[in-house]
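Biologist: Please take a close look at one residue and what surrounds it. Then tell me about the partner chain.

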Amino acid sequence: MRKLFMIAAVLISSITSAQTNKAVKSGEKLTYAASYNMSGLMTPLAQVTMQTQTVKTSKNTLLHLSCNATTYTKWDTFFKIRDNYESYVNPTTLKPSLYKRDILEGTYTKKEKYLFKGNTIQSTLKRKNMPETTKAFQISGSASDVVATIYQLRNVDFSKMSPGQTKSFVVVFDEKEMGVTAKYMGKETVKAGNLGSKTCYKISIGAKTNKLKGTDKNIIYLTADNARVPALIQFSIPVGTGQLTLTNASGI
Amino acid sequence: MRKALIVLAFIFTLLSVIFAILPMGTLGLLPVGLALVFSGLAYAKSAANDRTVPKWLLIVAGLILVVVIAKSMTPDEVEKDVQMEQQKIESQKEDLKDLEELEAIE
């Protein structure tokens, strides 16, 4: 009986975690305008691009997901941001093999690399004026990096969910595993750049971390179609609030 | 009252200059608006032969308003960083090496 229960549990978890990618294509390019709330006015600060590209190794074909944040030229003199988050994932399951984070924010720099070896991550970390450190740590089977998780979220079929229902993810960030929940909150119409006004799934992101603030303050609006493109992302972090608005989408 | 209005107009005109230099976008309209209001009121409260200071404050605030509007209307652009693009290509080559090594283990 115990064995039977275990087999059933493994089967259920494999069905829920091994989601097939239908929403994310290679060659996508999503461009966003990132604004920060200053005294109640949204001030445009940076451009964020999310791109997908097929890469081939001698054995496999992988999907390269990259997210870049670049401050607008007028801000560069005051506070230059060049953030780059990348993930190499299986194109079918969106399970990551390699994750990289390269940060330049003002004078602060940080480089991070995770190699996913089964349930172990081999991480390399380099901070400004600090020696490079390497570490190996265990993760749960369903854990992903932050970039892959954003794309995995696009494969959740929200049309079958009712408002209030949640979907859980496990994300590895800053060499730690954390639980992330995506709560479906219903549908809303949102402006989606060159795609026009789109009916979107409103998703509230919650995580057990001090990096996100407030309840239902971190929202992602995904277009209610097969591509489930993030049209608007509203965030609330300890230093303030802001949003990412889609300005251009191609290759979807 | 007139003196207080001139002081306030002066402070907000100074703030307007700072906001106009910084890339604050439409947020720069806030101090400019207040500078215009206070210098306008100071102008109205001043006697006809004593309007030089509020008049100049009004002119400066008006000019800053034009600058702020013009700056907020220019499109936001990102710099094309050739060095960074080259670094990305190099980095991708390294990534492929890592992935090949990872596949060899598996």
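**A closer look at one residue**

Modeller: Leaving aside neighbours within four places in sequence, A:Ser97 is in contact (heavy atoms within 4.5 Å) with A:Leu62, A:Tyr88, A:Tyr114, A:Leu115, A:Phe116, B:Leu99 and B:Leu102. This is a predicted model: local features need pLDDT of at least 70, side-chain atom pairs count only at pLDDT 80 or more, and totals for chains, interfaces and linings use all residues. Residues are numbered from 1 along each chain as its sequence is written, chains are lettered from A and ligands numbered from 1 in the order in which they are written, and side-chain values use heavy atoms, without hydrogens and water.

A:Ser97 sits in strand S5 of chain A, residues 96-105. Its relative accessibility is 18%, so A:Ser97 counts as buried (under 20% relative accessible area, with a 1.4 Å probe and protein chains only).

Now chain B, which supplies B:Leu99 and B:Leu102 to that contact list. Chain B has four helices and zero strands (DSSP runs: H or I of at least four residues, E of at least two, numbered from the N terminus). Its radius of gyration, over C-alpha atoms, is 26 Å; the globule rule gives 13 Å for 106 residues, so chain B is more spread out than a compact globule. The rule is 2.2 Å times the number of residues to the power 0.38. Along the principal axes, the C-alpha atoms of chain B fill a box of roughly 90 × 20 × 15 Å. Of the 106 residues of chain B, 28% count as buried.

Terms used: Buried means under 20% relative accessible area, exposed over 50%, partly exposed in between (1.4 Å probe, protein chains only).
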